[in-house]
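Please keep the sequence and the structure in view while reading.

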Amino acid sequence: MDIALQQLVNGLTVGAFYALIALGYTMVYGIIRLINFAHGDIYAAGAFLGLSLYALLALLHIQNPVLTTLLALVVSMGCTGLLGVLLYRIAYRPLLHARLSILISAIGGSLTLEYGLFLIYSPSFLVYPHLFGRAGPALGDLAISWLQVIIFVSSLLLMAALYVLVHRTKIGMAMRALAINQDAARLMGIDVNRVIASTFFLGSTLAAFAGVMTGLYYSQISFLMGFLVGLKAFTAAVLGGIGNIPGAVLGGFLLGILESLAAGYFSSRWKDVVAFVILIVILVARPRGLLGERVVERM
Amino acid sequence: MKALTTQPLPFHRLVPVAAVVLLAIGLPIFGTPYLIDVGTLVLVYIMLGLGLNIVVGYAGLLDLGYAAFFAIGAYTTGLLMVRYHVAFWLTLPAAGILTALSGIVIGTPTLRMRSDYLAIVTLGFGEIVRIAATNFTFTGGPEGVYGIPHATIGRLVLRSPQALYWLGMAFALVVLVGSYNLARSRLGRAWLAIREDEAAAQAAGIYPVYYKLLAYVLGAVFAGVAGSFFAVKLTAINPSSFTFIQSVTILMVIILGGMGSLPGVILGAAVIIILPEALRAFDRVRMLAFGVGLIVLMLLRPQGLWPSRIGQIVKRAVALSEARAAAEIAAGAPTPE
């Protein structure tokens, strides 16, 4: 039972990362029906930008862990958001109506980001600053760090903020309109390009947040970190029902927990297979996901 | 259509064909062992490209885990030859059957889905195969299978670069002729119809799932055969040859060349293998250039370097009939044909 609880806690932490990244996949897919292959690498770019910020702040002798983390988060999220918009502008916008070409362009974007990070930063692992120790709330035998609490709570807050943004603001309404019918939305005077670009911006900021938090949590990052996590986050989005925002959150946490339990009870070597087996089973048995609506093949 | 496919090749189209044939024959005679080895690798990617071309180019299904079938073929031959001392030629049907079976198992449930979901499932399948090969002990774990014997024909051991080259050439030619005939068969026309308009194809009595499955399984078998050859060529295989990047590289072969086009696949394979070899000095930026190249190619020339003639003919015919219809409307009176 102890193992199960402990793995549940770890699963919720990893699940928060998956959920944050899955939101980016699901929002983009919901609006332009594109599997944004490069999204996992956007997350990696966020982690690397955060690391640069920490290094810069250390040079400026700003030591307060809370202040540096907040600054690193905000700047990394902003820059990564712009990176996402840039990716959309260059690699996706001219190809919006060519489904196969845009997917291949997305693979190209993914490779470009990965090996761009490889060239700019390092081919090996880079170490993140240790700002938060292992200490945490005392809960019997459970090992929970304050960092895990922060990750979980702040992720939930961000997801809530996103929900409010999508359902209570004008731009959110435009996004939902676009997801239903792009042509009709355009006729209603919605600036389609701007709305798509904002979607990329939002998704990328969430991924950057997950990236910086991943760095702090695992204390090391690498230029290829986004590939596998990106695939799993996409799995999470499909699991919850692609295009569905609460679904992405549910799928992310569920995948994190299932994977952690599998690692705890079987072997961590097979951990990565779990996600893909879930993906295939879900796509075959219930392609619309847990919360998704029925999707009709568009002609 | 018949008149278009049976007319003799005009001179300007004969020249590149003759050049390729001369180069292919001259290389093993005059080339250094290194060059011959590069040539053999090009042949492997021609086989892989032709197989994936059936799936993506003919049937229009995006497969991002194609390296999995390549791996299954290579491991089948490698394991049978090393562990059970089976002769190479007998491992070929085994590799074919195993890849066909895995193609059916993974294809049957997934080919009904949206095309981009299929891309992800195949990607997941590719990763599962690679992780399984790394984790199982009977596949040799991360070290893989080594000490794979050479292929033999009677007493002749195919060990030298030249012998491997000719073996590869024989395989590639069989696959090439097979692909050529498939494209012009009833099957090929069914695939073309599904790719261009699935609903219309279905209305015309073509059952899409069946034909898609056939394309998927045939593509898998082609990759399996390429894998068998790959195993006896390298005499050692390990999971690192069968990554996602490998699948993308094979995809790149057909996209670069032009989807559905056989000369395109050959050109694409040559460029994909020779260009990185020529750029060895710039090893650090190779993958970056690859990624940027994919985007640029999609933006500037999505039809590839040597696009399919069949695709062009269809497009031209559609454009012509549309223009004629527009002209009729403009003329105000429909003219009977």
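**Cavities and their linings**

In this predicted model, helix H2 (39-59) and helix H9 (225-240) of chain A each contribute at least two residues to the lining of the largest cavity.

The largest cavity

- The space in the largest cavity amounts to about 90 Å³.
- Its lining includes A:Tyr25, A:Ile35, A:Phe37, A:Gly40, A:Asp41 and A:Ser110, and B:Ile120 of chain B also belongs to the lining.
- Further along chain A, the residues A:Gly226, A:Phe227, A:Gly230, A:Leu231 and A:Phe234 line this cavity as well, and H9(A) is the element that gives the most to the lining, with 5 residues.
- Sorted by class, the lining of the largest cavity holds 7 nonpolar, 4 polar and 1 charged residues.

The second largest cavity

- The second largest cavity has a volume of about 40 Å³.
- Among the residues that line the second largest cavity are B:Leu64, B:Gly65, B:Ala67, B:Ala68, B:Phe242, B:Thr243, B:Phe244 and B:Ser247.
- Helix H4 (67-84), helix H6 (115-135) and helix H11 (244-257) of chain B each supply at least two residues of this lining.
- H6(B) gives the most to the lining of the second largest cavity, with 3 residues, and the lining also includes B:Leu123, B:Gly126 and B:Glu127.
- By class, the lining of the second largest cavity is made up of 6 nonpolar, 4 polar and 1 charged residues.

How values were computed. Residues are numbered from 1 along each chain as its sequence is written. Chains are lettered from A and ligands numbered from 1 in the order in which they are written. This is a predicted model: local features need pLDDT of at least 70, side-chain atom pairs count only at pLDDT 80 or more; totals for chains, interfaces and linings use all residues. Side-chain values use heavy atoms; hydrogens and water are left out. On a 1 Å grid over the protein atoms alone, a cavity is a set of points where a 1.4 Å probe fits but cannot get out, and a pocket is an open set with protein on both sides within 12 Å along at least five of seven lines; lining residues have an atom within 4 Å of a point. Grid points are joined across faces, edges and corners, and a volume is the space filled by probe spheres set on the points. Helices (H or I, at least four residues) and strands (E, at least two) are DSSP runs, numbered from the N terminus. Ala, Val, Leu, Ile, Met, Phe, Trp, Tyr, Cys and Pro count as nonpolar, Asp, Glu, Lys and Arg as charged, and the others, Gly among them, as polar.
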